[in-house]
Amino acid sequence: MKASTYGRWWQFVALLTLLSLVLAACGADTGQPGGSPAASGAATTPAGGEGSPAASGAATTPAGGEQGAAGNGPKLNKDVSGEITFWHFWGSPVRRNAIRRVIAICNQQLPNIKVSETFKPFGDIWTANIAAVAAGSGMPDVIVEDRPQLPQRARDQVDENLQELAARDGIDGSAFWPFTWKQTLYEGNTYGIPYETDVRVLFWNKNAFKEAGLDPEKPPTTWEEVEQYADKLDKKKEDGSYERIAFHPLIKAGTDTFGYTNGVNWISDDSKPQLNTPEAVETVEWVKKWVDRYSGWSELQKFRGSFAAPPQDEFMSGRVAMVTDINGYTSQLDFYRPRLTNAEGKQEELSWGVSFLPYSKERSSTSGGFALSIPRGAPNKDAAWEFIKCATSPEAQASWARDTYAMPANQAAAKDPVLLSDPRWQFFVEAMNHTSGGNYLPQYPNWKEQLEQRYEKIWTGELEAKAALDEAQQAVEAQMKK
């Protein structure tokens with residue numbers, strides 16, 4: 001290359017570098033969320049704000065980096081070595097990359113342990129593991145378990161008792177949201193270390209609020225208010241069918257979730273079913289009103305059947321103005337950045353907010369989530385345990401959350417400063433103070449099936465709410481006596 005040509009080439013490179021820096025700076029400014037959502041219950045940032053780590057698809061902190069460090073985890077034993085297999089069901093591009101980052105972090109911290117991750121479909125992973133444990137071979141060394149099912153797994157001797165290891169390494173559950181740790185226990189022993197959780201909140205469509213003449217920054221807070229809002233938000237076509245409905249407690253949620261907002265404690269603290277209390281009956285009757293509002297159970301089923309996965313779901317399509325979903329839904333809204341057709345026929349970006357679920361008596365919600373466990377008979381237990389400690393540490397958990405917008409089970413990770421820079425995340429952390437893992441009944445873990453079997457009869461008018469809940473109560477009590 002001639003000297004003159006070489007010089008012009010470097011000038012060109014320098015100009016490009018300068019231009020990219022300027023653009024990056026502009027992008028950061030325009031995408032940063034503003035406002036204080038936690039106080040108002042509103043994420044004031046439009047959907048898809050580029051300041052969101054999930055939106056940008058960037059876990060901005062390298063694995064092991066100091067930025068966003070969220071506290072220390074349990075001490076790892078770097079002398080432990082071995083190769084372990086890890087089963088999970090995170091196959092989407094976002095989550096597959098996220099779990100690989102977590103493994104990369106652990107590979108750095110545990111250089112003598114090699115982790116091979118294997119995706120298993122959500123519907124198959126636990127069935128395959130139970131079959132392998134029963135056969136005595138083919139099980140992974142570490143598996144993602146459905147946390148509320150851990151007591152049942154322990155009783156069925158599917159997973160290893162981790163209590164001795166946890167006590168040895170100083171893991172007593174205090175690092176995690178309390179209900180997530182409690183769900184891992186069976187007869188006082190832990191059978192998994194909490195990995196991720198969630199919280200159900202209300203997402204509302206600000207575009208629809210504006211169109212209906214409502215304040216787009218003021219979501220409903222009570223059952224009464226959400227009904228008042230619905231009177232303005234419901235929108236019919238010329239043939240009388242619904243072009244848009246305001247809200248439905250059975251879309252992306254369920255009756256039991258809203259029971260908690262009405263003071264229902266389906267299972268008492270001393271493990272007694274309370275399915276037919278006045279509050280429970282009132283909750284079911286309130287849900288039935290919503291079924292009737294939208295032309296009955298059959299029409300509601302047709303309406304729900306017209307949707308698909310994001311971005312063709314109920315909310316992103318603009319057909320339902322307010323929906324209940326978990327905090328992780330934020331990452332999908334950020335990813336798809338849906339656009340809607342407004343009243344003037346023009347396309348505009350969906351602007352949305354998040355708030356607490358509307359309540360009758362008390363602010364409340366429910367959470368699910370997962371834990372990392374060691375299947376019984378797994379061949380590399382020591383290496384598996386060290387990986388679990390690493391993957392549930394604040395650093396690894398914060399990395400997972402920045403990529404997926406899932407709520408870490410580890411509280412220090414949830415309060416990671418990078419995550420908290422997003423006001424929406426601040427709201428989700430606040431919402432964690434008003435949620436629980438639901439109710440567990442040791443004598444009958446699947447007690448909800450007695451409600452589920454009767455709900456449709458209530459929605460279709462075949463059974464009155466009180467009679468159905470009395471039946472369910474009796475059925476659960478009968479099962480507990482077996």
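Contact here means heavy atoms within 4.5 Å. Helices (H or I, at least four residues) and strands (E, at least two) are DSSP runs, numbered from the N terminus. The model is a predicted one, so to speak of local features a pLDDT of at least 70 is needed, side-chain atom pairs count only at pLDDT 80 or more, and totals for chains, interfaces and linings use all residues. Residues are numbered from 1 along each chain as its sequence is written, and side-chain values use heavy atoms, with hydrogens and water left out.

Buried residues (under 20% relative accessible area; exposed is over 50%, partly exposed in between, with a 1.4 Å probe and protein chains only) in helix 4 are Arg-95, Ala-98, Ile-99, Val-102, Ile-103, Ile-105, Cys-106 and Gln-109. They take up an arc of only 150° around the axis, so they lie on the same side of helix 4; the arc is that of the directions from the helix axis to the C-beta atoms. An α-helix has 3.6 residues a turn, so residues three or four places apart point the same way. Over on the other side of helix 4, Pro-93 and Gln-108 are exposed. The buried residues pack against strand 1 (82-88), strand 2 (113-119), strand 6 (193-197), helix 15 (381-391) and helix 16 (394-404).

Helix 10 (residues 223-233) has its own buried set: Trp-223, Val-226, Tyr-229, Ala-230 and Leu-233. These cover an arc of only 120° around the axis, which puts them on the same side of helix 10. Glu-224 and Asp-231 are exposed on the face turned away from that buried side. Among the elements covering the buried residues are helix 12 (278-293) and strand 10.

Strand 7 (residues 200-205) and strand 13 pair over four bridges, and Trp-204 has Gly-353 in strand 13 as its bridge partner.

Conventions: Pairing = 2+ DSSP bridges.
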